[in-house]
Amino acid sequence: MAHPDDSTLTGPVRTCVGCRGRAARSELLRVTAGLVDGQPAVVPDPAGTAPGRGAHLHPTTECFDLAVRRRAFGRALRCEGGLSAAAVRTYLDSINPMDTTRNWSNSS
């Protein structure tokens with residue numbers, strides 16, 4: 001049975017491993033299991049061309065934090081043991097820079 005909002009999505013639909021929401025593949029960041037400094041890690045695949053099993057994630061820190069808290073990367077990528085997700089955090093921070101122009105000291 002299709003979800004009511006599935007009919008509005010065009011093209012391939014994937015599920016975010018963080019929030020479990022469904023979205024068009026083009027709206028999500030694909031991540032794969034790889035090596036960073038010789039250690040197993042979750043690595044971003046923005047082009048979506050890396051070989052092997054991938055998982056999809058909304059490119060937001062909220063969904064990333066949910067996925068880490070739920071330990072969703074290891075399950076989705078079918079990897080035993082812990083996977084470092086630091087490379088994905090670094091990538092998300094680079095594409096979603098925090099707004100540093102606001103002066104928070106004058107906020108009420």
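Contact, as the word is used here, means that heavy atoms lie within 4.5 Å of each other. The structure described is a predicted model, in which local features need pLDDT of at least 70 and side-chain atom pairs count only at pLDDT 80 or more, while totals for chains, interfaces and linings use all residues. Residues are numbered from 1 along each chain as its sequence is written, and side-chain values use heavy atoms, with hydrogens and water left out.

The protein has three helices and five strands, where helices (H or I, at least four residues) and strands (E, at least two) are DSSP runs numbered from the N terminus. Read from the N terminus on, the order of these elements is β-β-β-β-β-α-α-α. The accessible surface, computed by the Shrake-Rupley method with a 1.4 Å probe, comes to about 7300 Å², and 52% of this area belongs to carbon and sulfur atoms. A residue is called buried under 20% relative accessible area, exposed over 50%, and partly exposed in between, with a 1.4 Å probe and protein chains only; by this rule, buried residues make up 27% of the 108 residues in the protein. Among the contacts with a separation of 6 or more, 55% are accounted for by residues 24 or more positions apart.

Three of the strands form an open sheet in the order S4-S3-S5, with antiparallel pairing; two strands are taken to pair if DSSP finds at least two bridges between them. In general, strands of a sheet pair through backbone hydrogen bonds, either parallel or antiparallel. The edge strands are S4 (39–44) and S5 (54–57), each of which pairs on one side only. On average, and with direction ignored, neighbouring strands of this sheet are turned by 40 degrees against each other. Strand S3 (residues 29–36) pairs with S4 in the antiparallel sense over six bridges; Val31 has Pro44 of S4 as its bridge partner, and Thr32 stands opposite Val43 in S4.

S3 and S4 form a hairpin with two residues between them. Asp37, which lies in the loop between these strands, has a phi near 55 degrees, a positive value in a residue other than glycine, and with a relative accessibility of 77% Asp37 counts as exposed. A positive phi of about 55 degrees is also found at Arg71, although Arg71 is not a glycine. Arg71 is placed in the loop between H1 and helix H2 (72–77) and counts as exposed, at 68% relative accessibility.

The axes of helix H1 (residues 61–70) and helix H3 (residues 86–95) come within 10 Å and cross at roughly 170 degrees, where axes are lines fitted to C-alpha atoms, for helices over the stretch in contact, and angles run from 0 to 180 degrees between N-to-C directions. H1 and H3 are therefore roughly antiparallel to each other, since angles under 35 degrees count as roughly parallel, over 145 as roughly antiparallel, 65 to 115 as roughly perpendicular and the rest as oblique. On the H1 side the contact is made by Thr61, Phe64 and Asp65, and on the H3 side by Val88, Arg89, Leu92 and Asp93. By class, this contact has three nonpolar, one polar and three charged residues; Ala, Val, Leu, Ile, Met, Phe, Trp, Tyr, Cys and Pro count as nonpolar, Asp, Glu, Lys and Arg as charged, and the others, Gly among them, as polar. H3 also lies across S3, S4 and S5, running at about 25 degrees to S4.

Val17, in the loop between strand S1 (13–15) and strand S2 (22–24), counts as buried at 8% relative accessibility. The C-alpha atoms of Val17 and Ala67 are separated by 5.9 Å, although these residues are 50 residues apart along the chain. Not counting residues up to four places away in sequence, Val17 touches Ala55, His56, Leu57, Ala67, Arg70, Ala72, Phe73 and Ala76. His56, found in strand S5, is likewise buried, with a relative accessible area of 12%, and under the same exclusion of residues up to four places away its contacts include Arg14, Cys16, Val17 and Leu29. Arg53, in the loop between S4 and S5, counts as partly exposed at 42% relative accessibility. The C-alpha atoms of Arg53 and Leu77, 24 residues apart along the chain, are separated by 6.0 Å, and among the residues that Arg53 touches, not counting those up to four places away in sequence, are Arg30, Thr32, Ala76 and Leu77.
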